[in-house]
Amino acid sequence: MPKVVITGLGFICPIGNDQTAVVDSLRRLRHGLSLYPRFDAPNIPVKVAGLVKDFSIESPDPEDWKFPDQYKIRRETLRGFAPHVLFGHCALTQAIADAKLAPDDVSNADTGLFTASAGSAMMLHHNLTRLEKHGVMRCSPLGIVASVVGTLSYNLVAAFKILGSSCGFASACASSGHALGFAWEEVAAGRQKRMLVVGGEDGNLETVLPFAGMRALSLNPDPNTASRPFDRERDGFVGAGGACAVVLETEEEAVRRGAAIYCEMPGWGMASDGYNVAISHPDGSGLAQAMRLALRRSGLQPGDVDYINAHATSTPIGDTSELRALKTVFGVNPSDGPAISSTKALTGHGLSLASILEAGLCAAAIRHGFTPGSAHIQNLDPEAEGLNIIRTNLPEGPRVAMTNSSGFGGANVSLVLQATS
Amino acid sequence: MSSIFWGMAMPELRPENGAFFQFPFSFFRVSSSVHVSNPLSPEAELDLREQLKRCSPETVEGALRYRTTGAPDGVGLVVIGIIERFLDPEVRPRLHAGGDGLRIFDDLGIDSLTMVEVVMLVEDVLQIKINNDELRDLRTIGDVKTYINCRIRGLPLPERPVHVHVAEIMALMPQQPPFLFVQEATLRSDEARGVYKIAGDEFFLEGHFKNNPVLPASIMLEALGQLAVLFLLKTKRAELTAPVSPSKIFFTACDGVRCQRICKAGDLLTLVVKPKRIKHPLGMFEGHITCGNEKVAFAEEICLTFDYAAADEAATVEGNGHAHAENGAASPTPPAARILQPPAGGAERGTARL
């Protein structure tokens, strides 16, 4: 079975719009959350969001958008985009450049693209409103393409002239973990030599605010403490937008091209809670099973894991479930237990973006030789007792990192990354 | 322009297809009240300006003038201004430099979806409705100008052209690859337009010239001749009293040929022939070739001889485009060689001057 390695990363997210900025934010544990002007209304109880900087994407008309000059996108390509497709296009452009892939390396039968996105609530709302007001013949011909759940896949597959496997994944906050996991399967099974994987989220009012209705968002108006996974006082997550792109390929292909390898992806696992549509299992049973399967698939023991990037979104129930799952798999006060942190304290929770963003942060941490800590914890949740939640960075990178994600319906994904020797 | 993409038909633009699609007043009322001042409400003007916010100021002013006065002059420029707004900046100079022959898809890169955007804006701004089937006939900027002019002035629409695709061309024509130089054609009763793209691997380029592959002028002339053959086979002209037999058309003469541009691999040639006189057994045509906005070649006169299909052949020839399959199979002469053979009494009548 071919070894699967990561050779390229791209980031457009609240803590930076390229790898240099993102790593700098991680090293300083500097968050990217702020007051969101569109939340500044008396009937909106939520105030903070993780916004992407240097992009102006509030209009539903892509021709109104402003984004950094380095990204050249033609009108006929841009017109079918939702905001997160623009983020995804830019992140993928970075990842392709980072992996030093030529256009022929991207557009061939051996290279595919998997995506994760929940579609664009804003574009859907805009197009349906227009349909009701002006009639269907006055709607943009690409309104569907820009709105529905597959938008990230449709647009990027066409724009990057993908000829291999392509598919979009939608499993809420586990989506981009599934996209990476199934991309791994595609390469490991020898069906593709290379997979590009992109997860994205608009992260705007239309995407984030509905979560306030289910009481999942933090009502804390202070950007410095609103997202504080594992803190006793945590009160919900902070919604975020952006995109992350990862290039997976066979080790053989990476070596043949002379590409710099970030790390290996030795395996992954998934399992479901079978419990509740929106509430995680109190004991984190599905997540524990996903972690066990990921380790088994990777040929590793719990003691081999140096670092876990937790899903922990800063919700009271979710973080507790995950802490229990971690104790189930790694034990309480293990002598060789992994360091654990949630980078969502810095990035906020990117929903469909979350899993791949955190895998990208783990790969960057392995490359740059440090382990990011869990920021904003003032009083550690007693539930975390017996686990090594690191509140500051460790000066060395993990050899084996694991990153968890859980989504609606009780879908759990655990991905494993391993430094190459 | 294909109206089919990703398995979905292009949205029907027929007015009867939906109550959504009603305008406050019909186009014909506008045109019948030409030059009657009909000031726009401030809201309508704002709306129009918003819709045209990415168009040139001239386009906005032209549209406002039309909507206020109903005067048709300048409407063509408004439509060109709307098309321009949907073009990539690097393509825009082509629109201004190009003549009416500029092709919407091939030269400007406007695909069928962009065309829908153009049409929606034109419909809104000029308050007209454009049917989907009419839209398919608009292939060049000239087609668009003519169409809009007819609609605005209430004139009858021009004759609908016949589009002939490569498969039908191959089925109809006595010439076959690798000696067929018409890849797509649009036929009207007074004109045939064809397309030939130089692929670069044509057999004759190898020796023409040594280390410098250039399309031979004789092939340019051949391409125009082939388009004239297609015209005789496919167009129903009053002078043609019966279906023309594809196996009985031959070249006899050409006159006044001038070549103005060297053509190489990758060039997309537009071929045009217009009948000057057709009287059995001769058809006289004028022809020219362009590449983008550049002149390639001109022939004052290309003369073909033709004969009608025999009664048993005629049914096949007239019925559909599959006449050649039968003819070719029956012919002992390979199609490529046939056009080079002078017909009895044909070649002596004229002299080719190349």
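Leaving aside neighbours within four places in sequence, A:Ile6 is in contact (heavy atoms within 4.5 Å) with A:Val246, A:Val247, A:Leu248, A:Ala260, A:Ile261, A:Tyr262, A:Cys263, A:Ala363 and A:Leu417. A second, separate core of 47 residues includes B:Phe179, B:Phe181, B:Val244 and B:Phe285, where a nonpolar core is a set of buried Ala, Val, Leu, Ile, Met, Phe, Trp, Tyr and Cys residues joined through side-chain atoms within 4.5 Å. Buried means under 20% relative accessible area, exposed over 50%, and partly exposed in between, with a 1.4 Å probe and protein chains only. The largest nonpolar core has 51 residues, of which A:Ile6, A:Leu9, A:Leu180, A:Val246, A:Leu248 and A:Leu417 touch the most other members. Helix 15 (residues 354-368) of chain A gives this core its largest share, eight residues. In soluble globular proteins, nonpolar side chains tend to be buried together.

The model is predicted, so local features need pLDDT of at least 70 and side-chain atom pairs count only at pLDDT 80 or more, whereas totals for chains, interfaces and linings use all residues. Residues are numbered from 1 along each chain as its sequence is written, chains are lettered from A and ligands numbered from 1 in the order in which they are written, and side-chain values use heavy atoms, with hydrogens and water left out.

**The sheet of chain A**

In chain A, 11 strands form an open sheet with mixed pairing, in the order 5-4-6-7-1-8-13-12-9-10-11; two strands pair if DSSP finds at least two bridges between them. Helices (H or I, at least four residues) and strands (E, at least two) are DSSP runs, numbered from the N terminus. Strand 5 (166-169) and strand 11 (388-389) of chain A stand at the edges with a single partner strand each, so one side of each is left without a neighbour in the sheet. Strand 9 of chain A runs parallel to strand 10 (residues 339-341) of chain A and is joined to it by three bridges, and A:Ile308 has A:Ile340 in strand 10 of chain A as its bridge partner.

Helix 3 of chain A lies across strand 1 (4-12), strand 4 (111-116), strand 6 (194-201) and strand 7 (242-250) of chain A, at about 135° to strand 1 of chain A. Such angles run from 0 to 180 degrees between N-to-C directions, and the axes are lines fitted to C-alpha atoms, for helices over the stretch in contact. Helix 7 (residues 151-159) of chain A lies across strand 4, strand 5 and strand 6 of chain A, running at about 155° to strand 4 of chain A.

**The sheet and helices of chain B**

Chain B has 13 helices and nine strands, and buried residues make up 49% of its 354 residues. Seven of the strands form an open sheet in the order 3-4-5-7-8-9-6, with antiparallel pairing. Its edge strands, strand 3 (162-164) and strand 6 (250-259) of chain B, each pair on one side only, and the twist averages 20° from one strand to the next. Strand 6 of chain B pairs with strand 9 (residues 294-305) of chain B in the antiparallel sense over eight bridges, and B:Asp255 has B:Glu301 as its bridge partner in strand 9 of chain B.

Nine of the 11 residues of helix 4 (residues 75-85) of chain B are buried, so this helix is largely enclosed by the rest of the structure. Its buried residues pack against helix 2 (75-78) of chain A together with helix 3 (57-69), helix 5 (92-97), helix 6 and helix 8 (141-153) of chain B. Helix 6 of chain B is mostly covered, with 15 of its 15 residues buried, and is followed by B:Gln127, whose phi is positive, near 55°.

**Backbone features in loops**

| Site | Feature | Value |
|---|---|---|
| B:Pro177 to B:Pro178 | cis peptide bond | omega near 10° |
| B:His280 to B:Pro281 | cis peptide bond | omega about 10° |
| A:Lys100 | positive phi, not glycine | phi near 55° |
| A:Ser314 | positive phi, not glycine | phi about 90° |

B:Pro178 is found in the loop between helix 9 (166-172) and strand 4 (184-188) of chain B, and B:Pro281 in the loop between strand 7 (268-279) and strand 8 (282-291) of chain B. A:Lys100, in the loop between helix 3 (83-98) and helix 4 (103-106) of chain A, counts as exposed at 67% relative accessibility. A:Ser314, in the loop between strand 9 (307-309) and helix 13 (316-330) of chain A, counts as buried at 0% relative accessibility.
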